[in-house]
Amino acid sequence: MWSPILKIELLKEGRNIRLPLTIIFYNAILAFVMLLFMVFNAESFQEGYYYNTSSYLYQFLIISSIQIGVIFFVIPFYVTGMHSGEKESCMKDVLEVIPGLSNQYIIAKMLLVILVSGMIFISALPVTSLSCVYSGIGFAKIIRLGIMVLVFSFWSGAITIFFHTLRTQLKWPVVAAMLVQCVFMFGTIMGMEIIRNGAMLLTDAGTLPVEASWLCLFLLILNPLASYMGYYGNLTGNSGLMTVLCGHFGINGANKLFSLFFYKISTLMCLLIGCIFLFLATRNLGQKNKRG
């Protein structure tokens, strides 16, 4: 049975012009990039330049990378848009009166984020399919891309929803969510470098201890981009970039066990982090309602 809060959120989003505009601009960007590739490939073939059909593979890779990158920037603003009209509504008063409704409220927001992300991804399937016509990429890769979009949407949406339960200002949660996302994506790499340099300075031999490598591996698992690097390696058959990065921190990235488990654990870690932020958001909203 559907939650009444979810029905309200679906009705509000269905009557809002935000979703159609997002889909239009999203597909316009992807179509523009796709047209640039098609024009470049056609001119290269006509002029007799070196022509390699493997370029279509990177064409699909760039299109998929844009779809992943857009998630990390669009979702925080989209979640903020969903909260923008609630100052004037009576939703907060309802949450304070009815006990346990804060859980349904958070879950409804999260489900709406996932549904919107799924609709946006499905709307871009024609462009995505066109980019893999000549590259021999199967439909399974597109399905995996869709799963990654939903996972990253859940991760980004949960972080943003949590910060919306902390403050009522609309601009502050967006900034905080973007900063936290940058900490996970780039701060973990900086932390790994600090651990590496500090450990090598403390050791007499100037080598990286095993404990420091394990700590760097844990920080790398927290990085959501690590999961995408697994998709990149599976798509291109080249995991050299990830192997070099891991080797810099004393991690054997060329090991089969590493390839078998690391990327899956990184994806599960994204889901776990999202669940933690959702739990904190529900707890924080419930405490606010009790105090209110």
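A polar contact is a pair of N or O atoms within 3.5 Å; within protein, one must be able to donate a hydrogen and the other to accept it, and residues adjacent in sequence count only if both atoms are side-chain atoms. Helices (H or I, at least four residues) and strands (E, at least two) are DSSP runs, numbered from the N terminus. The model is predicted: local features need pLDDT of at least 70, side-chain atom pairs count only at pLDDT 80 or more, and totals for chains, interfaces and linings use all residues. Residues are numbered from 1 along each chain as its sequence is written, and side-chain values use heavy atoms, with hydrogens and water left out.

**View 1. The protein chain as a whole.** The chain has twelve helices and zero strands. Buried residues (under 20% relative accessible area; exposed is over 50% and partly exposed in between, with a 1.4 Å probe and protein chains only) make up 45% of its 292 residues. Contact means heavy atoms within 4.5 Å. Of the contacts between residues at least 6 apart in sequence, 81% join residues at least 24 apart.

**View 2. The start and end of helix H10.** At the start of H10, a side-chain oxygen of Asn-223 comes to within 2.9 Å of the backbone nitrogen of Leu-225. After H10 comes Gly-237, with a positive phi near 75°.

View 3. The expected span of a helix is 1.5 Å times one less than its number of residues. H10 has 13 residues and reaches 19 Å from its first C-alpha to its last, close to the expected 18 Å. Eleven of the 13 residues of H10 are buried, among them Pro-224, Met-229, Gly-233 and Thr-236. Helix H9 (residues 210–222) also has 13 residues, and its end C-alpha atoms are 19 Å apart, which agrees with the 18 Å that it should span. The buried residues in H9 include Ala-212, Cys-216, Leu-219 and Leu-222.

**View 4. Aromatic pairs.** Rings of Phe, Tyr and Trp (its six-membered ring) pair if their centres lie within 6.5 Å; planes under 30 degrees apart count as stacked, over 60 as edge-to-face and the rest as tilted. By this rule there are ten aromatic pairs. Phe-163 and Trp-172 form an edge-to-face pair, 6.0 Å centre to centre with 70° between the planes. Phe-163 is buried at 11% relative accessible area, while Trp-172 is partly exposed at 36%. Tyr-228 and Tyr-231 form a tilted pair, 6.1 Å centre to centre with 35° between the planes. These two tyrosines are separated by about one helical turn, because Tyr-228 and Tyr-231 are three residues apart in helix H10 (residues 224–236). Tyr-228 is buried at 10% relative accessibility, and Tyr-231 is buried at 0%.

**View 5. Phe-152 and the nonpolar core.** A nonpolar core is a set of buried Ala, Val, Leu, Ile, Met, Phe, Trp, Tyr and Cys residues joined through side-chain atoms within 4.5 Å. The largest has 77 residues, and Phe-152 is one of those with the most contacts inside it. Helix H7 (residues 139–164) gives the largest share of this core, 13 residues. Leaving aside neighbours within four places in sequence, Phe-152 is in contact with residues including Ile-68, Phe-72, Tyr-228 and Cys-270. Ring pairs also link Phe-152 with Phe-72, Trp-155 and Phe-184 in a cluster.
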